[in-house]
Amino acid sequence: MITIDGSEGEGGGQVLRYAAALSLITGEPFCITNIRGGRKKPGMMRQHVTSIEAACMIGGAQVSGLAVGSDELTFRPGPIQPGSYHFAVGTAGSTAMVLQAILCPLLTADAPSKLVIEGGTHAAQAPPFEFVAKTLLPLIERMGPQVSATLERHGFYPRGGGRIVVEISPQPLKAIECLDRGALKNSKVEALVTGVPFEIATREISAARKVLSEWSEEAFAPRALSADQGPGNALLIEAEFEHVTEIMSGIGKIGVPAERVGKTAAKRMAGYLASNAFAGPYLQDQLLLPFAMAGGGVFSTVKLSQHTKTAMDLIERFTGTGFRVSDGEGKTQIIEVAR
């Protein structure tokens with residue numbers, strides 16, 4: 001059994017989700033201690049419990065220690081079972097994070113699957129739905145499988161209540177090369193508000209426009225959603241290139257000025273645009289497991305995050321697959337699957 005200290009490396013919920021996915025794919029059981037030991041409030045939260053419940057359901061796994069607040073868990077995987085599944089976080093916990101634990105295992109199944117996941121679709125410290133649908137899944141499809149995601153209802157912190165539907169048709173993953181993002185085709189900055197003053201959206205847009213001053217005025221748009229989907233607020237900044245679409249986001253919350261939300265998200269996008277990288281800081285760790293499963297592949301990215309370094313370590317422990325990291329041109333790093 002593989003033993004993991006959840007406080008090492010990234011020290012958050014990513015360690016748990018990656019371990020569950022890798023365990024299902026490889027058949028290797030694991031025990032993890034000090035879950036989320038690197039966070040102010042350690043132990044599992046509701047979204048982490050739902051992620052492991054989802055992994056257990058699709059993989060017939062046996063688990064002990066699964067409870068909100070638990071800091072230790074043992075996971076013994078079974079065979080992956082494709083099918084139709086419904087998972088509800090019950091809070092504004094991220095639907096994308098639940099998907100992270102089960103997407104790659106279901107890509108290895110022998111039949112299609114349909115997932116309905118309810119919870120937060122636009123939550124802090126998590127990829128928004130648009131990142132999953134427009135950034136990650138198109139690259140998974142380039143590798144062979146067919147995967148689609150539909151947003152049926154937005155879910156914001158603290159209420160949640162969002163709903164996404166993901167359909168997966170597995171195919172063997174093939175190695176791809178993602179070094180050149182190509183020319184910029186389209187750019188968009190959208191501020192979503194529901195159940196909160198509309199001026200919050202306009203203030204976020206104004207702050208983002210000051211940073212991304214080279215983008216056309218038509219690229220910036222505030223948008224009000226129906227009141228029953230809130231209250232909530234999210235800023236989405238999208239840069240569509242020929243070969244990849246990158247999305248940076250900011251989530252509004254009480255006590256954080258709208259101007260800070262807009263400026264912070266826009267600066268992240270400006271940093272990405274200033275490089276020649278294919279993958280931004282959030283896409284890089286999402287690509288590691290599919291590339292390892294394909295047994296090859298290479299992509300350029302910005303400076304490696306702690307999330308990415310932690311994911312690399314876990315993948316090597318479960319699969320023996322390593323990664324080569326080298327410096328590229330234009331403030332980039334190259335990550336290649338080590339064969």
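Which arginine lies over the face of Phe220? Arg209 does, at 5.0 Å from the ring centre, and View 1 below starts from there. The model is predicted: local features need pLDDT of at least 70 and side-chain atom pairs count only at pLDDT 80 or more, while totals for chains, interfaces and linings use all residues. Residues are numbered from 1 along each chain as its sequence is written, and side-chain values use heavy atoms, with hydrogens and water left out.

**View 1. Arginines over aromatic rings.** Besides Arg209 over Phe220, you can find Arg181 over the face of Tyr272, at 4.7 Å from the ring centre. A charge sits over a ring here if NZ of Lys or CZ of Arg is within 6 Å of the ring centre and within 35 degrees of the ring normal.

**View 2. Aromatic pairs.** Rings of Phe, Tyr and Trp (its six-membered ring) pair if their centres lie within 6.5 Å; planes under 30 degrees apart count as stacked, over 60 as edge-to-face and the rest as tilted. By this rule the count comes to five aromatic pairs. One of them joins Phe30 and Phe318 edge-to-face, with 6.2 Å centre to centre and 80 degrees between the planes. This pair bridges distant parts of the chain, 288 residues apart, with Phe30 in strand β2 (residues 30-33) and Phe318 in helix α8 (residues 306-319). Helices (H or I, at least four residues) and strands (E, at least two) are DSSP runs, numbered from the N terminus. Both Phe30 and Phe318 are buried, where buried means under 20% relative accessible area, exposed over 50% and partly exposed in between (1.4 Å probe, protein chains only). Tyr85 and Phe87 form a stacked pair, 5.8 Å centre to centre with 10 degrees between the planes, and both of these residues are buried too. Ring pairs also link Phe30, Phe75 and Phe318 into a cluster.

**View 3. The cavity.** On a 1 Å grid over the protein atoms alone, a cavity is a set of points where a 1.4 Å probe fits but cannot get out, and a pocket is an open set with protein on both sides within 12 Å along at least five of seven lines; lining residues have an atom within 4 Å of a point. Grid points are joined across faces, edges and corners, and a volume is the space filled by probe spheres set on the points. The structure holds one cavity of 30 Å³ or more. Of its 17 lining residues, Leu99, Gln100, Leu103, Leu136 and Gln286 are the closest to the centre. Helix α3 gives the most to this lining, with six residues.

**View 4. Helix α7.** This helix has twelve residues and reaches 17 Å from its first C-alpha to its last, close to the 16 Å expected at 1.5 Å a residue; the expected span is 1.5 Å times one less than the number of residues. Eleven of the twelve residues of α7 are buried, so the helix is largely enclosed by the rest of the structure. Gly295 follows α7, and its phi is positive, near 75 degrees.

**View 5. The largest pocket.** About 1500 Å³ of space lies in this pocket. Its lining has 46 residues, with Met97, Ala123, Ala124, Gln125 and Ala126 nearest the centre.

**View 6. The second largest pocket.** Here the space is about 320 Å³. Among the 18 lining residues, Val196, Asn233, Gly252, Lys253 and Ile254 are the closest to the centre.
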